[in-house]
Amino acid sequence: MHRTGELYEQYRTMEQQRETASLGMWIFLSTEVLFFGGLFMTYTLNRSTYPDIFSEASKTIKLSWGAINTVVLIGSSLTMAMAVWASQAGRKKALTWFLIATLVLGTVFLGIKSIEYHDKYVEHHIPGWNFQFEPGADAATNAHTQLFFSLYFGMTGLHALHMIIGAGLLIWLVKESVKGRFTPEYNTPVENIGLYWHFVDIVWIFLFPLLYLIDRH
Amino acid sequence: MQSEIPLYPEQASNFAANVDALMVYITLICVFFAVAVTAAIIFFFFKYRRKDPAEVGVPIHGDMRLETAWIAVPLFLALTMFGWGAVVYVDYRRAPLDTLDIYVIGKQWMWKVQQPTGLREINELHVPVGRDVKLILASEDVIHDFSVPAFRVKMDVVPGHYNTMWFRPTKAGRYHFFCQQYCGTNHAIMGGWVTVMEPTEYSAWLSGSSDASANPIVAGEKLFVEKACTTCHLSNGTGRAPSLNGLYGGNVLLADGSTVTADDAYVRESILNPQAKIVAGYQPLMPSFQGQLTEEQIIDLTSYIKSLQSQPAPAKGGGVAPSMGKK
Amino acid sequence: MSTTPAAVNQMPREHYLNATYGIRSWLLTTDHKRIALLYLASVTFFFFIGGAFATMIRIHLLTPKGLLVTPETYNKLFTMHGVAMIFFFLIPSIPAVLGNFLLPIMIGAKDLAFPKINLLSWYIYLVGGCFVLYSFSTGGLDTGWTFYTPLSSVYSNSAVTPAVLGVFINGFSSILTGLNFIVTVHTMRAPGMTWFRLPLFVWAQYATSIIFILGTPVIAITLLLAGMERMFHLGFFNPQLGGDPILFQHLFWFYSHPAVYIMILPAMGVISEIIPTFARKPIFGYSFIAGSSIAIAVIGFFVWAHHMFLTGESTYAALTFSLLSYLVAIPSAVKVFNWASTLYKGSISYDTPMLYALGFIGLFLIGGLTGLFLACLGLDIHLHDTYFVIAHFHYIMVGGAVMGYVGGLHYWWPKITGKLYPEFLARVAAVTLFLGFNLTFFPQFILGYLGMPRRYASYPPEFQVLNVMSTAGASILALGYLLPMIYLTWSMRYGAVAGPNPWPATGLEWQTASPPLTENFDVTPEVTWEPYDFDNRPDLGLDVKGAPSLAHGTD
Amino acid sequence: MSEHHIVSPKIYFTIFGILMICTFLTVAAAEVDLNRYFSGLNIIVALTIAVFKASLVVLFFMHGKYSPKRTQLVIIASVFWLAIMLFMTMSDYVTRPWS
């Protein structure tokens, strides 16, 4: 992709180049907020229309998996933050290991997610595909619970897609970091992918209570 | 030539004159500004024509007083437009109390109308002159829009809930109505005629063409039994669900302590999404009938429930609170 | 070009057009100027597709029963006209063509902040465009450009899915362009180019980019949901499965109302450049014009539900949105007043871009003022979804945005190609467009008030006279668009050499060669002057009187 | 970001600890019926904790606290625009029974 610390021709200084990249990433994340926002809006309206159905449907997803995944993902955010620190402090070995740790935790998250998806598949909770909330459920219950599961799969699916992209970026970072490309002067990719990774974490911080924690009492 | 192009449609309802007056008001303000700005531009255009290729203009950078003025004055005028428009709109959205209620169902690509007596029409709507008419609008499929230009009224017909609109016809005659929200292939021919009649003619027409076989109350009662509503909604109030006697038009006390008026929208919601408003003293047992009833059947059921309005409400009415004194 | 000094102009020896050759040098370019030309070609393509549909629509409506096609086909025609014109012509037109070309030069940068992303956004546009063309050619699209559910997600039998995906994909092109512009304006300005020295065109692009990045993602996800609903029979917006069709409209207009400002704001920016140049004086109320662009972009996000006054939206919400809609009218009015005042005591020439600018003001005035009718709750009951709405938004989008775009193309054509277009023909085209446009769309205001609904393949016979007038106007309009197409293409080869600053104008883009070098400037310029300040620019070779002219101005 | 601010690992670990406690709290709060006291209290508590957690991530993990003003403006703008969409849309639905 790029050579270490090269100054691109459109910039005047390295400083300008770094600030530009950082601002670009933040603005990209702000578009992501609004992108997920449409889903959150749909969720808000539907939950306020069918509060009881949403709570009933939510209880069929396993709280333990969601809670574990929350811990795993926040853990990966910590290792990512540490990776940024390592790159700033010039600790090349530590950087590689923190990146690998992040990647591993991300993969664990996706693994758990796929177990959850598989459970839903077994329970006929995949929207639009032999959906049956519970044996004998009437058409309306099926339709309304399907709304919940459409949003569940839509939101967690889009989130998982972001995780997969993030994992791809991490693999590239690990590769570059092994080559020793990142220095205290040049670590923009680590910082920017870090920002992205934390953003994905934040999305999950909201998805967890909204999807898993409806009236668990 | 000029007589062929009128500038506004006939004024045939209580809203028409008011909407037209509003139109004239805004038009006058807009024409004033459009003419003033255009005249200024044309005047400057000729007056300050470049006379020498190397000539430059006079460097004027702005004027705070002018800026303030042309923010404040348009803002004030805009607010008057908003205010007047709001008054008309609020009046239009809030139907008077005693109205003639007519159901209108939009369907790709026809309009079904049901008069209060149960008389049905297709792509025709008969109304009496001088009476407040409320249309209760439902759609079987996509979004439609019921629009009568001569009355200056329209309202979207949205599947999934009732919209209502009202007007008071002021002039007998026949007027176009249109579907005004694009609804698919034959959208352009999904229209018909509103016939405004003298009240006596209207009642004669109603009784003259009544058709007992299509009586919605009978159809509703039949559905009420077919869908097993009778198992719970016992008329003496001892069932698992509240009695529907005397329900329509009254106030219902809900489990969360609030009250609602039992109107068409409430009845419809209670059939399709029963969990939304639980009557005080009852369990949320009722299944939803969403997807199992057409809008027409729901209207039949509503008509039947309406016909129970005159029946005495049982003593153990649960949520039904027809008068203030009873608990 | 009577104003050009008599010096003999020559094309620069090396410039961005002849720096490299071959198809690869264009398709893999990261030069913002070349990317702008790629966009120019592709948006022109979609403009002619959309224009062809428009022509057929107008011919069809000559007779009440419809002259040309079946109702089914008619519905496809107006839908595809809308989708092609809005998503693939109007939205990218000024930002992606003129903005791409000019923004870096105007602020004294070598390129945009992210040149590769800029190229990527053109490719994304192409992919989105291919999806939409695929939809058009395999069954067409008949949902209306608004894709209202449940018609689009359940009932339509046309090729909705590829079209929705195409618009979804195209959204990312807008997002990346907006991102690029905002970052560029923040970080790439030349020394001395402070925020209040930025050309007003840059302010307008900045405001537009705010909408790009904060609005576009919402329509992207919304159309994705509608597409999923159609493909997998989900129920987000389908009442039969418990969803709410009005929610789609909220989400759709959350972007699509601000999208109207995406179309008009850049055109306003173009006009704010043209007027001071041809009046040869500083623009009146610079900070108010700049500020009003930002105000429109921000307030524009608070008004969307005025498209929904009659959907059963709550009275309270209708009142709020109507009031806010009136507020957004004010910054537009401020701009018009400031442009008109700029002409006062100017030295005005009749060059083609100026004709477009003045035409823009006239048409935008009508378009903007008729918006006041539609924002008015009481009147909207009658006017909603009639031809009045059609006329109103065509005055904004065609009378405003397209006039601005074509005017801007003429104004910067010498910079883009290094050649001058034939002035006489260009003036003829400008006047033809203005007249043809008014004849096409003014009758539609009356049609609307008479109650003729939009999107009708056939109509009651009493509406025919006005429809015939409209169609007659449309044929003049079509001719008006063909003319520039022909002479602009001709001028690329045969036009007179323009020289770096033919008008002359004050912006940085006129300080470099026409056409510019690949890296825009030999040396990074340093800005020491205020914008549109003809009096302190001896380098322009004008008859500057200096202080005495100021005294002259106050008498 | 003229001087590149380096956040010490100690802060990162502290934040991580707080986030873990919050995660525990939010699960615990969901298991208790708070709606008894005040309708909707459960979701209010859950979202308040989520907002708090997200703010910590933005401010410390993402260095929002140490970023230039314009970056902070971008953060505020995105939250603000999300709020416009949620609140203005819901204002329609919530007020429908009023008319």
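Student: Among contacts in chain B between residues at least 6 apart in sequence, how many join residues at least 24 apart?

Tutor: This is a predicted model, and in it 70% of those chain B contacts join residues at least 24 apart. For chain D it is 52%.

Student: Which helices and strands does chain B have, by number?

Tutor: Chain B has 6 helices and 13 strands. Its radius of gyration is 27 Å, well over the 20 Å that the globule rule gives for 327 residues, so chain B is more spread out than a compact globule. Along the principal axes, its C-alpha trace spans about 95 × 50 × 40 Å. Buried residues account for 39% of the 327.

Student: What does the radius of gyration say about chain C?

Tutor: A compact globule of 555 residues would have a radius near 24 Å, and the 23 Å of chain C agrees with that. The box filled by its C-alpha atoms is roughly 70 × 55 × 45 Å along the principal axes. Chain C contains 16 helices and 0 strands, and 68% of its residues count as buried.

Student: How many residues of chain B and of chain C are in contact with each other?

Tutor: On the chain B side there are 81, and on the chain C side 86. The chain B elements that give two or more residues to this side are α1 (16–47), α2 (64–93), β6 (144–148), β7 (153–157) and β9 (173–179). Of these, α2(B) gives the most, with 18 residues. Sorted by class, the chain B side has 51 nonpolar, 18 polar and 12 charged residues.

Student: How should I read a nonpolar core, and which residues have the most contacts inside the largest one?

Tutor: The general idea is that in soluble globular proteins, nonpolar side chains tend to be buried together. Here the largest nonpolar core has 376 residues, and those with the most contacts inside it are B:Leu137, C:Leu372 and C:Cys376. Helix α8 (residues 245–279) of chain C gives the most to this core, with 23 residues.

Student: Which chain B residues does C:Cys376 touch?

Tutor: Leaving aside residues up to four places away in sequence, C:Cys376 touches B:Leu22, B:Ile26, B:Met81, B:Phe82 and B:Gly85.

Student: What pattern does chain D follow along the sequence?

Tutor: The pattern is α-α-α, from 3 helices and 0 strands. With a radius of gyration of 18 Å, well over the 13 Å that the globule rule gives for 99 residues, chain D is more spread out than a compact globule. Its C-alpha trace spans about 55 × 35 × 10 Å along the principal axes, and 32% of its residues are buried.

Student: Where do the domains of chain D lie?

Tutor: The domain assignment gives domain 1 as 1–66 and domain 2 as 68–99. Taken over C-alpha atoms, the centres of the two domains are 21 Å apart.

Student: Which residues of α1(D) are buried?

Tutor: Start with the helix repeat: an α-helix has 3.6 residues a turn, so residues three or four places apart point the same way. In α1(D), the buried residues are D:Tyr12, D:Ile15, D:Phe16, D:Leu19, D:Thr23, D:Thr26, D:Val27 and D:Ala30. Their cover includes α3 (63–89) and α6 (188–212) of chain A together with α2 (41–61) of chain D.

Student: What length does this helix reach from its first C-alpha to its last?

Tutor: Helix α1 (residues 9–31) of chain D reaches 34 Å, close to the 33 Å expected at 1.5 Å a residue for its 23 residues.

Methods. Residues are numbered from 1 along each chain as its sequence is written. Chains are lettered from A and ligands numbered from 1 in the order in which they are written. This is a predicted model: local features need pLDDT of at least 70, side-chain atom pairs count only at pLDDT 80 or more; totals for chains, interfaces and linings use all residues. Domain bounds come from an automatic or database domain assignment. Two residues are in contact if their C-beta atoms, placed from the backbone, lie within 7 Å. Helices (H or I, at least four residues) and strands (E, at least two) are DSSP runs, numbered from the N terminus. Ala, Val, Leu, Ile, Met, Phe, Trp, Tyr, Cys and Pro count as nonpolar, Asp, Glu, Lys and Arg as charged, and the others, Gly among them, as polar. The radius of gyration is taken over C-alpha atoms; the globule rule is 2.2 Å times the number of residues to the power 0.38. A residue is buried if 20 or more other C-beta atoms lie within 10 Å of its own, exposed if 12 or fewer, and partly exposed in between; C-beta atoms are placed from the backbone. A nonpolar core is a set of buried Ala, Val, Leu, Ile, Met, Phe, Trp, Tyr and Cys residues joined through C-beta atoms within 7 Å. The expected span of a helix is 1.5 Å times one less than its number of residues.
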